[in-house]
Amino acid sequence: GMTVDMAENFEMGFRVATGSDNSPVSTNQTLGRSGGQFSKYAIWLDRAYLKWSPWNEPSKNFTFLAGRFQNPFFSTNLIWDDDINFDGIAASIKYEIFPGFRPFLVGGAFPVYNTDLNFASNQPTKFKSYDKYLLAVQGGFEWEFADNWNFKFGAAYYHFHNIAGELSSPFTPLSEN
């Protein structure tokens, strides 16, 4: 990968990775899994983004991201895997109210599934496209109350637009064993 400081306040990043499949959370490669016998491995576009940070100081920070980038939210592995990258746009702001106390706000829109703009391109009958998105916002604060002692808290709302869970059909065993 590489990161390029394009101009004042602008950054561009690019990273590729190999992996056994196109999983969104891991680029691990298992030797011999992709056919074995010295077969070729797939290369995936892991990140490609443009970042704009008009103020990038410890006391105040605003960032706008577009493309495929690292997770912009404060989270644990219970919510988002460390390896996941987001496609879309995100913005974050952080401002130091008093020494050591910095509230933050992060928001973004991320396409989860897109259809063609003129959906059903291989059929004469056209019908509406139902794109699916993740819309998210998070607020919180960081508090450094002593040297090398800090506390960080965040709460987030994730709205999955046009995405709904479905119940599966009941399980019917083939035999009593």
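This is a predicted model: local features need pLDDT of at least 70, side-chain atom pairs count only at pLDDT 80 or more; totals for chains, interfaces and linings use all residues.
Leaving aside its neighbours within four places in sequence, which residues is Tyr113 in contact with? Tyr113 is in contact with Tyr130, Asp131 and Lys132. Contact here means heavy atoms within 4.5 Å.

Residues are numbered from 1 along each chain as its sequence is written, and side-chain values use heavy atoms, with hydrogens and water left out.

Start with the elements. The protein has 0 helices and 8 strands. From the N terminus on, the elements run β-β-β-β-β-β-β-β. Both kinds of element are DSSP runs, numbered from the N terminus: helices are H or I with at least four residues, and strands are E with at least two.

Two strands pair if DSSP finds at least two bridges between them.

Strand 2 (residues 10-19) and strand 3 (residues 42-56) run antiparallel and are joined by 10 bridges. Here Met12 stands opposite Leu50 in strand 3. Next, 7 bridges join strand 3 to strand 4, again antiparallel. Asn56 has Asn61 in strand 4 as its bridge partner. Strand 4 and strand 5 pair in the antiparallel sense over 11 bridges. Arg68 stands opposite Asp87 in strand 5.

Gln138 has Ala156 in strand 8 as its bridge partner. These two strands form a hairpin with 2 residues between them. In the turn, Asn148 has a positive phi of about 60°.

Turn to the aromatic rings. Rings of Phe, Tyr and Trp (its six-membered ring) pair if their centres lie within 6.5 Å; planes under 30 degrees apart count as stacked, over 60 as edge-to-face and the rest as tilted. By this rule the count comes to 15 aromatic pairs. Phe73 and Phe110 form one that is edge-to-face, at 6.1 Å centre to centre and with 80° between the planes. The pair links distant parts of the chain, 37 residues apart. Phe73 is in the loop between strand 4 (60-70) and strand 5 (85-95), while Phe110 is in strand 6 (residues 101-113).

Phe73 has 7%, so Phe73 is buried. Phe110 has 3%, so Phe110 is buried too. Both belong to one aromatic cluster, formed by Phe69, Phe73, Trp80, Phe86, Phe110 and Tyr158.

Pro72 lies in the loop between strand 4 and strand 5. Pro72 is partly exposed, with a relative accessible area of 22%. Not counting residues up to four places away in sequence, Pro72 touches Phe86, Ala90, Val106 and Phe110. The C-alpha atoms of Pro72 and Ala90 are separated by 7.3 Å, though the residues are 18 apart along the chain.

Back to Tyr113. Tyr113 lies in strand 6. At 45% relative accessibility, Tyr113 counts as partly exposed. Lys132 lies over the face of Tyr113, at 5.7 Å from the ring centre. A charge sits over a ring if NZ of Lys or CZ of Arg is within 6 Å of the ring centre and within 35 degrees of the ring normal. Lys152 lies over the face of Phe104, at 5.6 Å from the ring centre.

Finally, take the whole protein. Of its 177 residues, 21% count as buried. Residues 24 or more positions apart account for 46% of the contacts with a separation of 6 or more.

Notes:
Buried means under 20% relative accessible area, exposed over 50%, partly exposed in between (1.4 Å probe, protein chains only).
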